[in-house]
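Welcome! Keep the picture at hand and try each exercise before you read its solution.

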Amino acid sequence: MGISSAWLLLREESLDDLRLAAAGGIDESAVGICWQADHRILRWLNENRRILTRNEMDRYPQLQALESQERADLDSMAAELFIPLHVKDDLVGVLVVGPKSSHLPYCADEKAALAALANRTGVIIDNARLYDQAVREKSTAQAVLHETCAGIVVLDERWRVVSMNPGAELITGYSARDALSQRIDQVFGEEIIASGSPLLRATQTGEKVLPVVTTLRGKQGSKAVLLGVAPVSSIERSALHYLLSLADVSRLKEVDRLKSDVVANVSHELRGPLASIKVYTELLLEAGDEMDAKVRRNWLSILDQKTDLLTDLVTEFLDLSRLESGRIEVARAPLEVDRVIRDVVELLRGRAERRQINIELEMPPGLSRLLADEDLITIVVKNLVGNAIKFSHEGGNVRISVTQDSESTSFCVEDEGIGIPRDAIPHLFTRFFRVSSDASARVQGTGLGLVLAKEAVVAHGGRIEVESVLGEGSRFTVTLPTR
């Protein structure tokens, strides 16, 4: 058509304003041009939905009110025709053209061609924006699936794995490469498609199945997972896919099991001493003042022992709870570790004498004080020495020694008792763990003492080590920083 100049205004995605998107044959000063949504020309084009010519502008009152600066800008741009770009009922842009090089007016056919071009351009621009939006949304969805901690597995209508996110790889132990194109049951076990399983129910009903706990065969063994299934339509193939969401609840199941073990262990440990206290109390009440003094003293001694056992049990639970929750602050102060050891030995001497166990102390004179919490160090020494007495043979020996250098203080508690199996040593500091053997089964305990000792040692920045030979005895060494 021999048009001298043209410029295209397009609506910004997040705004209603129109800004210059492309131009030809106009001055560079127009690069920053912007028409706000309430611009009079835009309002006219949106209402009338046809081409506006510059000569027509003086016919319409709303356009006659254009400011002198706006008219001057249009004159400098040599604007001749204003062609709206509509998509459905939405004005997405304006094509502005200058006069023809021949200076002849635009005929009706030329205006119709420009209008058709504008309409087609509007559709193309809208499609491009929709595509761009779809690409961004897809990218966002992929990022969410990739970064989420939950496991996501997508299956096709034949239950073949279409995709897996890193969360699912972490939970199952399988990489996406291992699972892709394989049936879900071939990878994760037949339990996932068993009768009543979430996937089978979703397949049969075509409805979303809320997450339930099920067993999934992972690469490192079976796991308890929370599995939910949602049927989704595949736009690309017009087929039904299945989205599986996975959450590893093995740890929660283990915690639940541990809670049951705690209740069982505590009930067992409380029942024995309470039953003994009940029986001997009733016997003392029935016998009255006429019973033999020696028998009375023996029964009272038993009551004292059982009460001590209950007190130790409750104290261990309270101390462990405070240590693990971080509610105990380590109140460091200069501490004579040899004095603490002697105090604990005197406290436990009665237990040792009842079993004819000899306690030997090897502590060099002039030990330096260490900065430590006396209550926590007492817990450590009491549990280690108490265990050494409990697991020693009658008439055996328990040796306690202390060594010190410029940086640390160490004390060892060694017995000649039943010893610990090699495979049990890594589990000694696990709550409620008891060594499974006939010899240890005869010894009462909660399995909390060593846990308490380790927590107290770690709170001081120290370490605790174990050496043991089954049937010969055990040696526990605690090392604490001197400062």
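This is a predicted model: local features need pLDDT of at least 70, side-chain atom pairs count only at pLDDT 80 or more; totals for chains, interfaces and linings use all residues.

Residues are numbered from 1 along each chain as its sequence is written, and side-chain values use heavy atoms, with hydrogens and water left out.

**Exercise 1.** Find the order of the five strands in the open sheet, and say which strands stand at its edges.

*Solution.* 
- Step 1: Start with the terms. Helices (H or I, at least four residues) and strands (E, at least two) are DSSP runs, numbered from the N terminus. Two strands pair if DSSP finds at least two bridges between them.
- Step 2: Read off the order, which is β13-β15-β16-β18-β17, with mixed pairing.
- Step 3: Look at the edges. β13 (358-362) and β17 (463-469) each have a single partner strand, so one side of each is left without a neighbour in the sheet.
- Step 4: β15 (residues 397-404) and β16 (residues 408-415) run antiparallel and are joined by seven bridges. I400 has V413 in β16 as its bridge partner.

**Exercise 2.** Is helix α12 mostly covered, or mostly exposed? Work out also what caps its N-terminal end.

*Solution.* 
- Step 1: Locate α12 at residues 374-390; it has 17 residues.
- Step 2: Apply the cut-offs: buried means under 20% relative accessible area, exposed over 50%, and partly exposed in between (1.4 Å probe, protein chains only).
- Step 3: Twelve of the 17 residues are buried, which leaves α12 mostly covered. Among them are L376, I377, N383 and G386.
- Step 4: Go to the N-terminal end. The cap is D373, with a side-chain oxygen 3.0 Å from the backbone nitrogen of D375.

**Exercise 3.** Describe the aromatic pair of W35 and F82, and explain what the pair ties together.

*Solution.* 
- Step 1: Rings of Phe, Tyr and Trp (its six-membered ring) pair if their centres lie within 6.5 Å; planes under 30 degrees apart count as stacked, over 60 as edge-to-face and the rest as tilted.
- Step 2: The structure holds five such aromatic pairs. In the one formed by W35 and F82, the centres are 6.3 Å apart and the planes make 35 degrees, a tilted pair.
- Step 3: W35 belongs to strand β3 (residues 34-35) and F82 to strand β5 (residues 81-87), so the pair ties together parts that are 47 residues apart in sequence.
- Step 4: W35 is buried at a relative accessible area of 5%, and F82 is buried at 0%.
- Step 5: Ring pairs link W7, W35 and F82 into a cluster.

Notes
The expected span of a helix is 1.5 Å times one less than its number of residues. A polar contact is a pair of N or O atoms within 3.5 Å; within protein, one must be able to donate a hydrogen and the other to accept it, and residues adjacent in sequence count only if both atoms are side-chain atoms.
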